[in-house]
Amino acid sequence: MFLLLSDGRNIEKLKDVSQCIIFLTPSGLRKCLDGDPDLQFLLVGGELIKVRSNSWQKNRFYKLQEDCKTLWHESSKVVFRLQTDSIDDIDSIRKGRQSEGLKKHTDTSDEEKCFSIIFKGSKKNLDLMASSAEEADKWINSLEKIISTMHNLDYQQKSEHWIISCMKKVDKNNDNMMSLKEVKDFMRQINVEVDDDYAADLFKKCDTSNSGTLEGSEIKEFYNLLTQREEINVIYEKCAQTEGLMSARDLLNFLLNEQREQVTIEHAQKLIENYEVDAAAKQRKCMTKDGFLMYLQQEESSIFNPAHKKVYQDMSQPLNHYFISSSHNTYLMEDQLKGPSSTEAYIKALMKSCRCVELDCWDGPDGEPVIYHGHTLTSKVLFKDVIRAIKDFAFKKSQYPVILSLENHCTLEQQKTMTRHMTSILGDALLTKPLGDTMPTNFPSPEELKGKFIIKGKRLNKLDAFFSKSNTIVEETVSEEDEAAESKENGQKKTNMKLAKELSDIVIYCKSVHFNSFEDARDKQAFYEMSSFKETKALQLAETSRKQSFIRHNMDKLSRIYPAGSRTDSSNYNPVPLWNVGCQIVALNFQTPSKEMHINQGRFLPNGFCGYILKPEFLRSPLTQFNPNNKTWPNKKIFHVMVISAQQLPKINKDKAKSIVDPLVRIEISGVPADNASKETKYITNNGFNPMWNERFQFTINVPELAMVRFVVEDYDTASYNDLVGQYCLPLTSIQTGYRHVPLLTKRSDVISSAGLFVHLMLIDA
């Protein structure tokens, strides 16, 4: 059906497997994959045992469909019914009995035969068991290979993949031709509504054989007409000053003047070598329009500065000098009253680089402590299972320390059991004494604490007890006020509790204490003593005359903020005002997709997504005069945004073939109060494929170091609330200016393959 790629390459000459996956017909695909046993294994498929419970374990046949993007399997719901899962929807493959279902419903002797397919969003895991360890490894390796291959495709490859898959969907009779009706159906598939005259005109222009159908090179011409980017043409023609082509010198001028990149002619030549698709142009050290588009769609040309994808900040400063990605009631998968508790919730948070997780600990049966939201109908999970899950996944995304925030409601005996589980399971990774041989006067750094677990909780005595000759306390009554603060909102009274010395002794740098006043904290609290604040109390302190006291408090101490008890639906509060006054541990409900979580994920996107962001100097220096509510600022910036176009936006209502989005784009700035702003484009009617706005906006940014930028694409609706199409959030300080593509994420922050915005950005002094 498709003899040529959009850049003119012949498929018979392709060597790269990922390109073959996308563009070959089924027969050509099999020919290409003859040399790749892993991918061929998936195409042939085989039987696996699907595990749901002890009594429900069924043989099911699984295989990869010939489009290489869909996993096909039998379903028991209706005889001979088939089900499919998109490879794009798979988050990861987890080897062994690492899901709750497999741990509960399979035997330890089956460990090597088990694996789980973990899906993005809220879709349930798929727990599977192979007939042997070798077969399980084959499935795991093969699936991981194709997931990795699809993930590593560049923007243009994903775009072509999506368009061609839509073409295949409308070719109902599989004759490798497109009738006029199929062309109209295809246009709706790609989210654009055109009138019959336009569709007929486009069809006639491509049907050079006058056969009444498009085939072969006619389909390629149709594809080229459909995917040409007018806005790219304008930019290219302006910059290409060398016989209609863009020379290395022309490209360098573009990079210096438009992209504001400090690069050399050698860098421009390297870009031509890497991205030019025409061999003759490459030989002349020139870039064609196709090569230019290829370059603009690469990750290095994205809005997100690629230098910030790795850890680039100073990680040797004290722990309290960093914003720390933090989760509230981490065990919950849904609401706060009756939803399930699960080790999976911890895994998902840790895989999002969360570095502070919460454990609400209560006495359980058989002497084993459990974790759940006390005095509610939420389900319970064993404390030791949570600790095992944390141990297994804590450092897969980031090597920097993880804080275990204990809300302890257990009796002495079960506190001792908790301590035994933490020390035996976490081993040497558990911090059980201060670093060094002398009493510390400040926090160690994230760098010094790499690979370590820090316990936050009550402690019976001062930290200097480690360095005294006598440490004979066995147990003592302590106020439960800090631990029970969240529970008290549900009607509990303040109580006292006994604290086991064993548990007390492993609380090192994060001793929980009740907050009385900033003066009291300044005069009486040690640096390692920290308080937790309900969001309403914290916001009151942050937004009143005490805000500068809060800033100074956070220069010496750690502060943890948690959602109000009234948020029984697991909704979230705005973290930005708390970051503005230097609060480090601003805990959110990670299970709830929301604007607040988008901002949180955007805040921690830079610095290698390691879960730690160095606070601006004015939130660390004792000499600071910073006040987020100032009316005048010395270093103002003007942020210019031109929203040019969007590409391949997803359909919102996929059940209705004729449902096309009416997209608009909103740019939101969140930072100090003077910077908070929101502006949006007009909406475009019936075009989610290639809408174009060319609308300009201007924002005054008073404190760039604290400004978050969020792009939101919505489907306009006159009768109800607009539907979210996609979003992307990042710090202003991590933005690359110039012409940039903006990737789009779902509400749950999963990447929307091939969809994006095209914008022009400038940041200049006010």
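Residues are numbered from 1 along each chain as its sequence is written, and side-chain values use heavy atoms, with hydrogens and water left out. Because the model is predicted, local features need pLDDT of at least 70 and side-chain atom pairs count only at pLDDT 80 or more, whereas totals for chains, interfaces and linings use all residues.

The protein chain contains 24 helices and 30 strands, these being DSSP runs numbered from the N terminus (helices: H or I, at least four residues; strands: E, at least two). Of the 766 residues in the protein chain, 58% are buried. Buried denotes under 20% relative accessible area, exposed over 50%, and partly exposed the range in between, with a 1.4 Å probe and protein chains only. Contacts (heavy atoms within 4.5 Å) were also sorted by sequence separation: of those in the protein chain between residues at least 6 apart in sequence, 66% join residues at least 24 apart.

In soluble globular proteins, nonpolar side chains tend to be buried together. A nonpolar core is taken here as a set of buried Ala, Val, Leu, Ile, Met, Phe, Trp, Tyr and Cys residues joined through side-chain atoms within 4.5 Å. The largest such core has 73 residues, and Leu359, Ile390, Leu404, Met422 and Phe453 have the most contacts inside it. Helix α16 (residues 383-393) gives the most to this core, with 6 residues. Beyond four places in sequence, leucine 404 is in contact with Val357, Leu359, Ile387, Ile390, Leu426, Phe453, Ile454, Ile455 and Lys456. Another core, of 32 residues, lies apart from the largest one and includes Ala646, Leu649, Ile684 and Ala755.

Helices α7 (residues 180-189) and α8 (residues 196-206) have axes that come within 10 Å and cross at roughly 115 degrees. Axes are lines fitted to C-alpha atoms, for helices over the stretch in contact, and angles run from 0 to 180 degrees between N-to-C directions. On the α7 side, Leu180, Val183, Lys184 and Met187 meet Asp196, Tyr198, Ala199, Ala200 and Phe203 of α8. Helix α24 (residues 595-603) is mostly covered, with 7 of its 9 residues buried; these are Met597, His598, Ile599, Asn600, Gln601, Gly602 and Arg603.

In an unreviewed UniProt entry, the annotation "binding site" covers Ile660, Asp662 and Asn686. These residues span 27 residues in sequence, but no two of their C-alpha atoms are more than 6.7 Å apart, so they gather at one spot. UniProt positions follow the numbering used here, feature names are shortened, and annotations may be inferred rather than shown by experiment. Isoleucine 660 lies in the loop between β23 (637-647) and β24 (663-670) and is buried at 9% relative accessibility. Aspartate 662 occupies the loop between β23 and β24 and is buried at 17%. A polar atom of the aspartate 662 side chain lies 2.7 Å from the backbone nitrogen of asparagine 686.

The side chains of glutamate 714 and asparagine 722 are joined by a polar contact of 3.1 Å. A polar contact is a pair of N or O atoms within 3.5 Å; within protein, one must be able to donate a hydrogen and the other to accept it, and residues adjacent in sequence count only if both atoms are side-chain atoms.
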